[in-house]
Amino acid sequence: MNKQWMRKEGQKWIADNIITEDQLDLIVARYPDSEDKRKVTGVLPILASILIGIGILSFIASNWGEISPIARLSLLIVFMLSFYFSGERYLKTGHHSLGTSLNLLGIITFGASIILLGQTFHLNAVDARLFVFWSLPAIFYLFRDRHKLYFFLLGLLTVGGQLYSINEFQSFSYLLCILFIIAVGGFVFLYPSTLKSWVFTIGLSIQGLMFITVNDINLLWFFIFGFALFTSGLWVEKNVFKQPFNRLGTLIGFGFAYGLYFLLTNEFSSDLELPNPYLFIPVLVVLFALSVIRKRQENLYLHAWELLIFLPFFYLVKVTDSLIVGIIYLVIMFVFSGYKLSEGYRNESRSQINFGIVLFLLVCLMGYFNLAWSFMPKSIFFLFGGVLLFILNAFLQRKKKQILRNGGPHHD
Amino acid sequence: MIKKRGWMIAALLQVLFLLFIVGSYYSIDYFGKEIKIKTVPVDPRDLLYGDYVTLHYDISTAPLKSYEGDAAELERGNHKAYVVLQPNKEGYYVINKVYSEKPKVTENQVLLTAKAEKVWGEGSFNQIQLTYGFERYYVQENTGKELEQQARDMDVIISVAPWGAHKIVELNP
């Protein structure tokens, strides 16, 4: 409970004659802000142990040359085991954050050991196997203790490992991808949490994007990925996945509209390569059918406009001028974000309105940038653009406040 | 009991894994066959990244015609290939042939696995770029500069175990 917030909110109650000044003081006093204090003191040992760990590892690394290989190995093993051992001790005595951070250091030491031994023995990695092995203890501790620190470490190792694999070896690690889906996805499935499901969805999209780029597949297949994500958001039974799948899918679709508009209204439009329509269109049609069926089942038939953003207008460049197709995308984006906004107003949902406002402002900014950049003096351009956004945002926020005036029945 | 001791088993497995890395390295000493390969000059700017030297060998590229298999597979890059080496008159191991399937080798030949990719070589004819996994040699910090001068023309002794593991034994300027 945030005391400051409570006091501020309480002032309104006093103004409305619900409670008196004294009563507010009594109410606030009932809730000691001990939780905040505990948070601060809980963070300190974590920070301290991380600093100590980094100190030890960098000491070993910088005096590496003077230590014989076998001594190096023994040192690393001793450090790793003592981190795990003391972590377990603290967990048993109820010091959860300290115990967890020590175990975390153990896992980090394990990975650092593999890397340092690899350097000692001139072992050259040819794939991302290192990260697969490194993830295993993180998975063990995650499912045993269910602490969110392990979750983020695991996400970092699986997604970061994938990026490393792409960067270093130009190859996609299927093993890491499977590990990510099973361990990270499985954990969110078993122990739902909004933040974690977002981490999973973003990680999944990164894996998908990496797969498409490294295999030299047309980038528009990532558009399909976004649509598939959106569609699974409609079908998935688990509530925790619904919002991230829907939002990120929409964002990917919107991002493509954004990019295509920019690409097609500028000179480099000839760079646009279309994916094989005999493969692409059927997949798109299936996804459309699935989305519409689901929307009908849930009596959301009127909301089918959401699918507007996933229509493949880019194929129109075959029959008409690319500039026109680009303008179509601009119109689509305006219509889409306008609908999103009005839907938010109708549902009186704060998060939907915010999402709509962000999308709408993005479209305005993009349209303005693209149209005005070439013929306006740069200083005026920025000044005018800034003022325009400012006014637009103020207007939309005011509208939001009006709608949600009484707190509003919001569904976030 | 198992639940309580779970972390010990996990820790033990990690220790075993580290020991395995080291063990597999030392076992090459006992079972491996040493071969000598020549490095070729590379652009010094690409030679050194921090504390390791990048080595480029004359077996790192091979003409496309030495490839036994479907050359179209190599267009996509990073295809697994089997490289058969045999010694030349000066005692350096050079490429005999590159296969897409595991071939049989004779007594004096050595089999290495590599990632193969088709590239445009010198004189613009087709070549295969082979990556073996011993292209890096880690050196102590700040000692790379001297090696950088020498790495243009060195002999590298590599030990290859019968199961395919390999390591750099020596760098001879």
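Predicted model: local features only at pLDDT ≥ 70, side-chain atom pairs only at ≥ 80, totals over all residues.
I turn now to one sheet of chain B. Strands in a sheet pair through backbone hydrogen bonds, and the pairing is either parallel or antiparallel. Here we have an open sheet of 3 strands in the order β1-β11-β12, and the pairing is antiparallel. Which strands form the edges of this sheet? They are β1, residues 33–38, and β12, residues 166–172, each of which pairs on one side only. From one strand to the next, the twist averages 25 degrees.

Within this sheet, please look at the pairing of β11 with β12. Strand β11 of chain B covers residues 155–160, and its antiparallel pairing with β12(B) extends over 6 bridges. For a point of reference on the display, Ile158(B) stands opposite Ile168(B), the latter being in β12(B).

I move on to chain A and a pair of helices. Two packed helices are described by the distance between their axes and by the angle between those axes. The helices in question are α6, residues 129–145, and α8, residues 174–190, both of chain A; their axes come within 11 Å and cross at roughly 10 degrees. Angles under 35 degrees count as roughly parallel, and therefore α6(A) is roughly parallel to α8(A).

Which residues make this contact? From α6(A) the contributors are Phe131(A), Val132(A), Ser135(A), Ile139(A), Leu142(A) and Phe143(A). From α8(A) they are Leu175(A), Leu176(A), Leu179(A), Ala183(A), Gly186(A), Phe187(A) and Leu190(A). Sorted by class, the contact comprises 11 nonpolar residues and 2 polar residues, with no charged residues.

Asp22(A) is located in helix α2, which spans residues 21–30 of that chain. Is this residue, Asp22(A), buried or exposed? The relative accessible area of Asp22(A) is 56%, and exposed means over 50%, so Asp22(A) is exposed. Between Asp22(A) and Gly226(A) there are 204 residues of separation in sequence, and their C-alpha atoms lie 55 Å apart in space.

Definitions and conventions. Residues numbered from 1 in each chain as written. Chains lettered and ligands numbered in written order. Heavy atoms only, no water. Axes fitted to C-alpha atoms, helices over the stretch in contact; angles between N-to-C directions. Helix = DSSP H or I, 4+ residues; strand = E, 2+ residues; numbered from the N terminus. Parallel < 35°, antiparallel > 145°, perpendicular 65-115°, else oblique. Contact = heavy atoms within 4.5 Å. Nonpolar A, V, L, I, M, F, W, Y, C, P; charged D, E, K, R; others polar. Pairing = 2+ DSSP bridges. Buried < 20%, exposed > 50% of the residue type's maximum accessible area, 1.4 Å probe, protein only.
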